[in-house]
Amino acid sequence: MSVYWITELVPLPITAMLPAVLFPMFGIMKSSAVAKAYFRDFHLLLVGVVCLATSIEKWSLHRRIALRLVMLVGVNPAWLMLGFMSGCAFLSMWVQNTSAVTMVMPIVEAVLQQILKAKDGGSAGEDNPNLQLDETDVNTGKKKENVNEQQHPDVEEETRVQIQTQSQPTAAQASSRCSRDLMMCKAMCLGIAYSSNIGGISTLPGTSPNLIFSEYLNQIYPDCSGCVNFGNWLLLCLPISVIMLLLTWIWLYWLFIGSERGEQSEREKAARKVIEDEYRALGPMSPQEIFTLLVFLMMVLLWLSRDPGFISGWSSLFPRHSGFITDATVALLLGLVFFIAPAHGYNREYEPMISWEEFQASMPWRVMLLVGGGFALAEGTKESGLSLWVAQLMTPLGDLPVLATITIACIIVTTVTEVASNATTITIFLPILSPLAEAIHVNPLFVLIPATLCTSFSFLLPVSNPPNAIVFAYGHLSTLDMVKAGLGVNVIGVLAVLLSVATWGVPLFSLDTYPDWAPLLPEFNATGRP
């Protein structure tokens with residue numbers, strides 16, 4: 001299955017169905033037992049999150065948030081880039097990375113076009129209320145074809161995107177642009193692609209690997225239920241995202257536009273005008289936007305307060321049903337509200353906030369099968385004894401310092417995720433790394449959390465993930481640009497993750513002790529660690 005997923009010899013969801021056929025045939029698991037692995041708590045959480053994301057995009061709340069953030073930081077090239085990166089990262093915390101990029105990138109491109117027109121002596125203040133791209137810059141038909149299947153949550157984690165080199169007029173236009181303008185376009189585009197991945201790691205529903213890890217933990221270590229929740233994950237990963245975002249911004253600015261000098265007033269005026277005009281065109285917040293924002297805030301608040309860890313959360317109000325309510329319960333409850341609440345009040349013909357057709361277009365059905373296949377595979381490795389055999393093979397790694405073992409795992413995962421989809425990578429490595437942690441008698445979270453985070457660090461190639469593919473399709477970048485910038489961001493990401501798990505992650509998850517919920521394997525403990 002790993003070979004099939006990496007090479008994509010057959011569609012990814014079809015490969016994910018192999019356990020349902022082969023496990024019963026080889027006497028590993030009953031068909032009814034395998035089927036249960038294909039629909040888990042993860043899927044219900046995903047349904048609720050997609051409902052929210054559908055409403056956010058339908059009523060243009062994402063555009064208002066992105067434009068407002070950019071207006072707050074200003075339009076100087078450095079601050080403009082940071083503003084767009086911050087907006088995209090914030091959106092990626094709550095919707096999937098591809099959705100965040102498809103929401104923000106048209107705004108970025110419109111601003112870039114206005115800046116370039118100002119440079120060329122064109123009408124710097126020309127209105128562009130619909131944020132339509134110049135046809136001379138992007139072959140929109142081909143771009144839409146390339147990203148058609150990546151418009152909404154989690155599709156980006158499902159599959160690698162095959163980018164075809166497009167013969168666009170942008171190559172000819174680039175020769176007439178000054179190097180400074182071209183470098184700014186490169187930095188902006190890469191900043192959007194990278195910030196979507198950086199922001200996505202901050203929350204459990206932010207990206208597929210986080211959700212897959214959470215469900216895998218509940219499946220393999222049922223006694224660990226609740227040890228990783230929305231609150232403590234945010235406390236661990238939000239600082240990582242902030243550190244990575246700032247250092248990536250500095251890195252891209254230094255790499256592409258750090259030496260820029262000279263008068264920027266015309267270009268800044270052009271950028272400011274298109275942003276302000278677009279924000280004014282949105283008008284005041286509509287009732288639909290306000291309702292969506294309130295539901296979004298309520299969902300986040302309920303996630304954070306369900307079981308914070310340091311105090312009793314609202315889940316303690318149900319003492320007889322401890323552990324019954326999860327983040328999926330909250331997401332699904334509030335997600336269903338969008339199908340019931342009237343979009344235009346009671347004075348007009350009834351229309352729900354979102355329709356089933358809109359939700360269905362957003363729902364990544366194929367990734368649900370892919371993830372289900374990963375859960376079935378993990379269950380099979382446990383039932384067959386394969387996980388114990390793998391643990392026995394890995395006992396020599398116990399002679400290495402724990403941090404060295406984690407570093408090696410992070411580097412391997414980061415390398416593989418450049419050529420395989422993020423969901424595929426984490427699905428392959430979770431059943432390998434958890435027996436490794438047990439074999440060397442280390443808290444499994446100490447190994448699994450860094451590996452999960454590094455799965456999202458696919459920054460090198462246009463085909464590494466759909467956000468990279470989307471920005472590449474705009475025609476401002478070459479593959480070499482992405483490789484050159486991505487290497488630096490990969491290093492920043494791995495170091496930030498290692499710093500976090502070695503410092504504030506230790507008290508958050510008790511990483512320095514071997515937990516009661518993990519099995520004791522003394523016969524495989526080569527180090528004799530207590």
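Visitor: Where is Asn 197 found?

Guide: Asn 197 is found in helix H12 (residues 179-200). Helices here are DSSP runs of H or I with at least four residues, numbered from the N terminus. This is a predicted model, where local features need pLDDT of at least 70, side-chain atom pairs count only at pLDDT 80 or more, and totals for chains, interfaces and linings use all residues. Residues are numbered from 1 along each chain as its sequence is written, and side-chain values use heavy atoms, with hydrogens and water left out.

Visitor: Is Asn 197 buried or exposed?

Guide: Asn 197 is buried, with a relative accessible area of 1%. Buried means under 20% relative accessible area, exposed over 50%, and partly exposed in between (1.4 Å probe, protein chains only).

Visitor: What does Asn 197 touch?

Guide: Not counting residues up to four places away in sequence, Asn 197 touches Asn 97, Asn 422, Ser 456, Ser 458, Phe 459, Asn 465 and Asn 468. Contact means heavy atoms within 4.5 Å.

Visitor: On to H22 and H23. At what angle do their axes cross?

Guide: The axes of H22 (residues 422-439) and H23 (residues 444-455) cross at roughly 165° and come within 9 Å. Axes are lines fitted to C-alpha atoms, for helices over the stretch in contact, with angles from 0 to 180 degrees between N-to-C directions. H22 and H23 are therefore roughly antiparallel to each other; angles over 145 degrees count as such, under 35 as roughly parallel, 65 to 115 as roughly perpendicular and the rest as oblique.

Visitor: Which residues in H22 meet H23?

Guide: From H22, Asn 422, Thr 425, Ile 426, Leu 430, Leu 433, Ser 434 and Ala 437 meet Pro 444, Val 447, Leu 448, Ala 451, Thr 452 and Thr 455 in H23. By class, the contact of H22 with H23 has 8 nonpolar, 5 polar and no charged residues. Ala, Val, Leu, Ile, Met, Phe, Trp, Tyr, Cys and Pro count as nonpolar, Asp, Glu, Lys and Arg as charged, and the others, Gly among them, as polar.

Visitor: Different topic. Which cysteines form a disulfide?

Guide: Cys 224 and Cys 227 do, with sulfur atoms 1.8 Å apart. A search of the whole structure finds 1 disulfide, meaning a pair of cysteine sulfur atoms within 2.5 Å. The link of Cys 224 and Cys 227 is right-handed, with 50° about the S-S bond.

Visitor: How accessible is Cys 224?

Guide: Cys 224 has 2% relative accessibility, so it counts as buried. Cys 227, at 22%, counts as partly exposed.

Visitor: And what about Cys 410?

Guide: Cys 410 is in no disulfide; the nearest cysteine sulfur, that of Cys 454, is 3.6 Å away. Cys 410 counts as buried at 1% relative accessibility.

Key: Helix = DSSP H or I, 4+ residues; strand = E, 2+ residues; numbered from the N terminus.
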